[in-house]
Amino acid sequence: ALLAATSGLKIVKNGENLHFLRAANQAAEIAAGELLLFLNNDASILPGALQATIESFRNHPQMGVLGARLI
């Protein structure tokens, strides 16, 4: 129901488990947009974390990757 209520998604269903790295590479190949976020399904994001990440990319255009601190 959540996916049906969300627009702009690309849903990919694989016939086998590609595991995280191969699935992440697959997603990166078909992704469109300015930024790409990989987030495991068991992760929680603190308030303001995504905005801080976006601001970091905008303030440092030479930056290509940003890793987060895991708590």
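## Basis and fold

Helices (H or I, at least four residues) and strands (E, at least two) are DSSP runs, numbered from the N terminus. The protein has two helices and zero strands. This is a predicted model, where local features need pLDDT of at least 70, side-chain atom pairs count only at pLDDT 80 or more, and totals for chains, interfaces and linings use all residues. Residues are numbered from 1 along each chain as its sequence is written, and side-chain values use heavy atoms, with hydrogens and water left out.

## Overall dimensions

The C-alpha trace spans about 40 × 25 × 25 Å along its principal axes.

## Surface and charge

Of the 71 residues, 4% are buried. Buried means under 20% relative accessible area, exposed over 50%, and partly exposed in between (1.4 Å probe, protein chains only). The protein exposes about 6,700 Å², with carbon and sulfur atoms supplying 56% of it. Accessible areas come from the Shrake-Rupley method with a 1.4 Å probe; for residues, only the protein chains shown count as cover.

There are 5 positive and 5 negative charges, and their mean positions lie 3 Å apart. Lys and Arg count as positive, Asp and Glu as negative; His and the chain ends are not counted. Each charge is placed at NZ of Lys, CZ of Arg, CG of Asp or CD of Glu.

## The loop between H1 and H2

Helix H1 covers 19-30 and helix H2 covers 49-59. Leu39 sits in the loop between them. Leu39 is partly exposed, because its relative accessibility is 44%. Leu37, Leu39, Ile45 and Leu50 make a nonpolar surface patch of about 350 Å². Patches take residues with over 30% relative accessible area and no salt bridge, joining like charges within 9 Å and nonpolar side chains (Val, Leu, Ile, Met, Phe, Trp, Tyr) within 5 Å. A salt bridge is a side-chain nitrogen of Lys or Arg within 4 Å of a carboxyl oxygen of Asp or Glu.

Leu35 is also in the loop between H1 and H2. At 42% relative accessible area, Leu35 is partly exposed. Leu35 and Gly64 are 29 residues apart in sequence, yet 9.7 Å apart in space, C-alpha to C-alpha. Ala43 belongs to the loop between H1 and H2 too. Its relative accessible area is 37%, so Ala43 counts as partly exposed. From Ala43 to Ile71 the C-alpha separation is 9.9 Å, across 28 residues of sequence.

## Residues in the helices

His19 lies in helix H1. Its phi is near 70 degrees, a positive value in a residue other than glycine. His19 is exposed, because its relative accessibility is 56%.

Ser56 lies in helix H2. A relative accessible area of 23% makes Ser56 partly exposed. The C-alpha atoms of Ser56 and Leu66 are 8.5 Å apart, and the two residues are ten apart along the chain.
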